[in-house]
Amino acid sequence: MHTPWGKAQTKQQLDEGVYWVTTAIHGGLLIEKERAQALLSTRACRIGMPWNDFLAFEQEHAMMVVFYEQPQLYPWIEEELSAKLAEDALRLRYPDYFVGEKAIKKLYLNEDVSH
């Protein structure tokens, strides 16, 4: 299988339409576009890179949004820890991801977002 990062050395299906792939030098998640739209928020899908019929989430930074929104897909650690680690990484690399969340809570849910 070819990936945006080169020829896949390994491919593990994590869920329907969701694949963890590795190459000689990199890797990440490939999620079929329709499946990504069903699993992830619009903000998360924007972080993915369109590639053929997939959204590609590279392993260094982008795939953290997937594990933040769907921590059960990261099978190597507990869901709560997966979500926390992913959130920390997202806040460092994609801080704007959370801006929309705060605005929505403030405008539509009238929640305090000062924290």
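Me: Two strands are taken to pair if DSSP finds at least two bridges between them. With that in mind, which residue of S5 is the bridge partner of Tyr19?

Reply: In general, strands of a sheet pair through backbone hydrogen bonds, and the sense may be parallel or antiparallel. In this predicted model, the bridge partner of Tyr19 is Leu30 in S5, and this pair belongs to an antiparallel pairing in which S4 and S5 share five bridges. The link between S4 and S5 is a hairpin of four residues.

Me: In what order do the strands of the whole sheet lie, and which of them are the edge strands?

Reply: The sheet is open and consists of five strands in the order S3-S4-S5-S7-S6, with antiparallel pairing. Its edge strands, each of which pairs on one side only, are S3 (10-15) and S6 (49-51). From one strand to the next the twist averages 30 degrees.

Me: How many bridges join S3 to S4, and how many join S5 to S7?

Reply: S3 is joined to S4 (residues 18-22) by five bridges, and these two strands run antiparallel; within this part of the sheet, Thr10 stands opposite Thr22 in S4. Five bridges also join S5 to S7 (residues 54-58), again in the antiparallel sense, and there Leu29 stands opposite Phe57 in S7.

Me: Is S5 mostly covered or mostly exposed?

Reply: Here the cut-off matters, since a residue is called buried when its relative accessible area is under 20%. S5 (residues 27-32) is mostly covered, with five of its six residues buried.

Me: What should I make of Glu58, and what is its nearest side chain of opposite charge?

Reply: A salt bridge requires a side-chain nitrogen of Lys or Arg within 4 Å of a carboxyl oxygen of Asp or Glu. Glu58, which is found in strand S7, is buried and has no salt bridge, the nearest side chain of opposite charge being that of Arg93, at 5.7 Å. Polar atoms of the Glu58 side chain do, however, lie 2.7 Å from the backbone nitrogen of Glu60 and 2.8 Å from the backbone nitrogen of His61. If its neighbours within four places in sequence are left aside, Glu58 is in contact with Trp5, His26, Gly27, Gly28 and Met63.

Me: How many salt bridges does the rule give, and which parts does the pair of Arg35 and Asp15 tie together?

Reply: The count comes to three salt bridges. In one of them, Arg35 and Asp15 have their closest N and O atoms 2.7 Å apart; Arg35 lies in helix H1 (residues 33-39) and Asp15 in strand S3, so this pair ties together parts that are 20 residues apart in sequence. Arg35 is partly exposed at 22% relative accessibility, and Asp15 is likewise partly exposed, at 27%.

Me: How far apart in helix H4 are Asp88 and Lys84, and how far apart are Arg91 and Glu87?

Reply: Asp88 and Lys84 are four residues apart in helix H4 (residues 79-93), which means that about one helical turn separates them, and the closest N and O atoms of their salt bridge are 2.8 Å apart. Asp88 is partly exposed at 33% relative accessibility, as is Lys84 at 43%. Arg91 and Glu87 are also four residues apart in H4, again a separation of about one helical turn, and their side chains meet in a salt bridge of 2.9 Å, N to O. Arg91 is partly exposed, its relative accessible area being 38%.

How values were computed
Residues numbered from 1 in each chain as written. Predicted model: local features only at pLDDT ≥ 70, side-chain atom pairs only at ≥ 80, totals over all residues. Heavy atoms only, no water. Axes fitted to C-alpha atoms, helices over the stretch in contact; angles between N-to-C directions. Buried < 20%, exposed > 50% of the residue type's maximum accessible area, 1.4 Å probe, protein only. Lys, Arg positive; Asp, Glu negative; His and termini not counted. Polar contact = N/O pair within 3.5 Å; in protein donor to acceptor, adjacent residues only side chain to side chain. Contact = heavy atoms within 4.5 Å.
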